[in-house]
Amino acid sequence: MANKHSINFSTHVAAGLLCAGMISSVAQADEGSEPELLETMSMLQTMTHKSSLAIDHKNSGLLDFYAHELEEYIEKAESIESSDGKPIGQLVKGMLAPKFKAFKSAAEGSDWKSISSSFDSMIDSCNSCHQATGYNFINIKRTDKNPYMQSFESDN
Ligand code: HEC
């Protein structure tokens, strides 16, 4: 009997600790991920812009490089569990990742029309997620302006 009691007691304590742990880890994820989310978004924007310029110049080597960079930042965004109560990782996996995959496989070929249109669909998914998370005022739009001290021509 004494044994049964102590088992019950420790089960309760363990469950209590588990709950406390879960609550504090969710709170930590929320607190910790906001600057990380903003930095990741900012890098996604840069890599998307640079990919766009590489597409404009039909520069396969450079596009391949930026597609890999994009992939890494998308993985980083997938690892952000939540921010401001929004399930970031899940949304990135459901909305952006499939569109990125389609773009990446198009980019492995040389049909620039389909590369460009799959890239446009990927950008649409960026904006769909901004709408889904209440950031509809963040509207990503392709531009052919090159603000970088870098040439996107393919023959250099
Ligand atoms: C989870 C859905 C989601 C997806 C997918 C997503 N974003 Fe975001 N984005 C957000 C949220 C949420 C914020 C606001 C972040 C904050 O509160 O700090 C944001 C903010 C931004 C910002 C503002 C930060 C800045 O530096 O101005 C940019 C730019 C941005 N996203 C670009 C992109 C691009 C480009 C893509 C697609 C390649 C993308 N986002 C995909 C949710 C998403």
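Which helices each supply at least two residues of the shell around the ligand? They are α1 (2-56), α3 (88-107) and α4 (112-132), where helices are DSSP runs of H or I with at least four residues, numbered from the N terminus. This is a predicted model, in which local features need pLDDT of at least 70 and side-chain atom pairs count only at pLDDT 80 or more, while totals for chains, interfaces and linings use all residues. Residues are numbered from 1 along each chain as its sequence is written.

Among the 20 residues around the ligand, those that come nearest are Met41, Leu91, Leu96, Cys126 and Cys129, a residue being near a molecule if its C-beta atom, placed from the backbone, lies within 6 Å of it. Helix α1 gives the most to this shell, with 8 residues.

Helix α2 (residues 60-78) meets α3 with axes that come within 9 Å and cross at roughly 165°, the axes being lines fitted to C-alpha atoms over the stretch in contact and the angles running from 0 to 180 degrees between N-to-C directions. The two helices are therefore roughly antiparallel, a term for angles over 145 degrees. Residues in contact have C-beta atoms, placed from the backbone, within 7 Å, and the contact includes Leu63 and Ala67 of α2 and Val92 and Leu96 of α3.

In the loop between α1 and α2 lies Lys58, which has a positive phi of about 45° although it is not a glycine. Asp84, placed in the loop between α2 and α3, also has a positive phi, near 55°. Most residues other than glycine have a negative phi.

Definitions and conventions: Angles under 35 degrees count as roughly parallel, over 145 as roughly antiparallel, 65 to 115 as roughly perpendicular and the rest as oblique. Two residues are in contact if their C-beta atoms, placed from the backbone, lie within 7 Å.
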